[in-house]
Amino acid sequence: MPARDDPPLLLIGALAARCGKSVHAIRWYEAQGLVPGVARDAGGRRRYREQHVAWLELMERLRTTGMSIAEMRRYTELVTQGRKSLAARRDMLAAHRADVLATISRWQEALTALDQKLDFYDDWIATGHRPARDPLKPLNPGIKP
């Protein structure tokens, strides 16, 4: 029996409402091995703790950054190992951070190219004449921008 000051356990519907995910999505995350420490009550219903709200938010953020499900699963496994895996978790997230920064750099280059192309079209529309220089002229002259 839980102590009086233990926070109440959440059923999956309540967890879904708290973290803005569907019940189906939460079950998917759990099936992928991405939700550690899920208890079940006597009736077999999943019972979640408050920490699961923050955990699912972290999983969503990692997924948004492009971390693979396999990497997320590995990170989750490390977390379940406790303090002995702190350095490994930190190293894993540092490596992923470097990947995210590289992706941001590539996206920034792509965004600059899009901005240049938009400026090209804005000039063309404003003047009614094709600008003399297309900043993104293709290397293959057979391809029309």
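This is a predicted model: local features need pLDDT of at least 70, side-chain atom pairs count only at pLDDT 80 or more; totals for chains, interfaces and linings use all residues.

Trainee: Then is Thr 76 buried or exposed?
Mentor: Thr 76 has a relative accessibility of 3%, which is under 20%, so Thr 76 counts as buried.

Trainee: Where is Thr 76 found, and which residues is it in contact with?
Mentor: Thr 76 is part of helix H4. Leaving aside neighbours within four places in sequence, its contacts are Gly 33, Leu 34, Val 35, Pro 36, Trp 55 and Met 59.

Trainee: What about the largest nonpolar core: which residues touch the most other members?
Mentor: That core has 20 residues, and those touching the most other members are Leu 15, Ile 26, Tyr 29, Tyr 48, Leu 56, Met 59 and Met 72. At least two residues of the core come from each of the helices H1 (12-19), H2 (23-31), H3 (50-64) and H4 (69-80). H3 gives the most, with five residues.

Trainee: And what does Met 72 touch?
Mentor: Not counting residues up to four places away in sequence, Met 72 touches Tyr 29, Leu 34, Met 59, Leu 62, Arg 63 and Met 67.

Trainee: Changing topic, how many salt bridges are there?
Mentor: The structure holds six. In one of them, Lys 21 pairs with Glu 60, and the closest N and O atoms are 3.4 Å apart. Lys 21 lies in the loop between H1 and H2, while Glu 60 lies in helix H3, so the pair ties together parts that are 39 residues apart in sequence.

Trainee: Is Lys 21 buried or exposed?
Mentor: Lys 21 counts as buried, at 16% relative accessibility. Glu 60, in turn, is partly exposed, with a relative accessible area of 30%.

Trainee: Which residues are linked in a network of salt bridges?
Mentor: Asp 41, Arg 45 and Arg 47 are linked in this way. Between Asp 41 and Arg 45, the closest N and O atoms are 2.9 Å apart.

Trainee: Last one: how far apart are the end C-alpha atoms of helix H5?
Mentor: They are 60 Å apart, which agrees with the 62 Å that the 42 residues of H5 (residues 86-127) should span at 1.5 Å a residue.

Trainee: Which residues of H5 are buried?
Mentor: Arg 89, Met 92, His 96, Lys 117 and Phe 120 are buried in H5. H3 and H4 are among what covers the buried residues of H5. After H5 comes Gly 128, whose phi is positive, near 80°.

Note on methods
Residues are numbered from 1 along each chain as its sequence is written. Side-chain values use heavy atoms; hydrogens and water are left out. A nonpolar core is a set of buried Ala, Val, Leu, Ile, Met, Phe, Trp, Tyr and Cys residues joined through side-chain atoms within 4.5 Å. Buried means under 20% relative accessible area, exposed over 50%, partly exposed in between (1.4 Å probe, protein chains only). Helices (H or I, at least four residues) and strands (E, at least two) are DSSP runs, numbered from the N terminus. Contact means heavy atoms within 4.5 Å. The expected span of a helix is 1.5 Å times one less than its number of residues. A salt bridge is a side-chain nitrogen of Lys or Arg within 4 Å of a carboxyl oxygen of Asp or Glu.
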